[in-house]
Amino acid sequence: MSKQDLLDLIDKAGKGSIEAAEAIAEGYFKGSFDGKKNLEKARKWASYAAKHGSEKAAEILAKLS
């Protein structure tokens, strides 16, 4: 995933897209951005998406705990 893809997802998440926030959380969790995991950012985005009903994000949060 390119840096532009990430920026596009962040833009969509900022406009209220829970699916985008979920994708960001998953990307940071799996290390899809720059090939490096960032569990702190994964937790932040997963927490946001889970609060808004994302089951996938809730699963990521459970794995981070």
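The model is predicted, so local features are given where pLDDT is at least 70 and side-chain atom pairs count at pLDDT 80 or more, while totals for chains, interfaces and linings use all residues. Residues are numbered from 1 along each chain as its sequence is written, and side-chain values use heavy atoms, with hydrogens and water left out.

We begin with the helices. Helices here are DSSP runs of H or I with at least four residues, numbered from the N terminus. Helix H1 covers residues 3–14, helix H2 residues 18–30, helix H3 residues 39–51 and helix H4 residues 55–64.

To describe how two helices pack, an axis is fitted to the C-alpha atoms of each helix over the stretch in contact, and the angle, from 0 to 180 degrees, is taken between N-to-C directions. An angle under 35 degrees counts as roughly parallel, over 145 as roughly antiparallel, 65 to 115 as roughly perpendicular, and the rest as oblique. A crossing is left-handed if the near helix is turned anticlockwise from the far one by less than a right angle, and right-handed if clockwise.

Take H1 and H2. Their axes come within 8 Å and cross at roughly 140 degrees, which means that H1 is oblique to H2. The crossing is left-handed. Contact means heavy atoms within 4.5 Å. On the H1 side the contact is made by Leu6, Leu9, Ile10, Lys12 and Ala13, and on the H2 side by Ala20, Ala21, Ala23, Ile24 and Tyr28. To sort such residues by class, Ala, Val, Leu, Ile, Met, Phe, Trp, Tyr, Cys and Pro count as nonpolar, Asp, Glu, Lys and Arg as charged, and the others, Gly among them, as polar. The contact of H1 with H2 then has nine nonpolar residues, no polar ones and one charged.

H2 and H3 pack with their axes 8 Å apart, at an angle of about 155 degrees. This makes H2 roughly antiparallel to H3. Their crossing is left-handed. H2 contributes Ile18, Ala21, Glu22, Ile24, Ala25, Tyr28 and Phe29 to the contact, and H3 contributes Leu39, Lys41, Ala42, Trp45, Ala46, Tyr48 and Ala49. By class there are 12 nonpolar, no polar and two charged residues.

For H3 and H4, the axes come within 8 Å and cross at roughly 140 degrees, so H3 is oblique to H4. This crossing is left-handed. Residues making the contact include Leu39, Arg43 and Ser47 of H3, and Ile60, Leu61 and Leu64 of H4. The contact has 10 nonpolar residues, one polar and one charged.

Next come the aromatic rings. Rings of Phe, Tyr and Trp (its six-membered ring) pair if their centres lie within 6.5 Å; planes under 30 degrees apart count as stacked, over 60 as edge-to-face and the rest as tilted. The whole structure has two aromatic pairs. In one, the ring centres of Tyr28 and Phe33 are 4.8 Å apart and the planes stand at 70 degrees, so the pair is edge-to-face. A residue is buried under 20% relative accessible area, exposed over 50% and partly exposed in between (1.4 Å probe, protein chains only). Tyr28, at 9%, counts as buried, and Phe33, at 6%, counts as buried.

The other pair joins Trp45 and Tyr48, with ring centres 6.4 Å apart and planes at 85 degrees, so it is edge-to-face. The two residues are three residues apart in helix H3, about one helical turn. Trp45 is buried at 13% relative accessibility, whereas Tyr48 is partly exposed at 29%.

Trp45 also shows how residues apart in sequence meet. Leaving aside neighbours within four places in sequence, Trp45 is in contact with Ile10, Ala13, Ala21, Ile24, Ala25 and Tyr28. Trp45 and Ile10 are 35 residues apart along the chain, and their C-alpha atoms are separated by 9.8 Å.

Glu40 is in helix H3 and is exposed, with a relative accessible area of 67%. Its C-alpha atom is 16 Å from that of Ile10, 30 residues away in sequence.

Finally, Ser54 lies in the loop between H3 and H4. Is Ser54 buried or exposed? At 6% relative accessibility, Ser54 counts as buried. Beyond its neighbours within four places in sequence, Ser54 is in contact with Ile18, Glu22 and Ala49.
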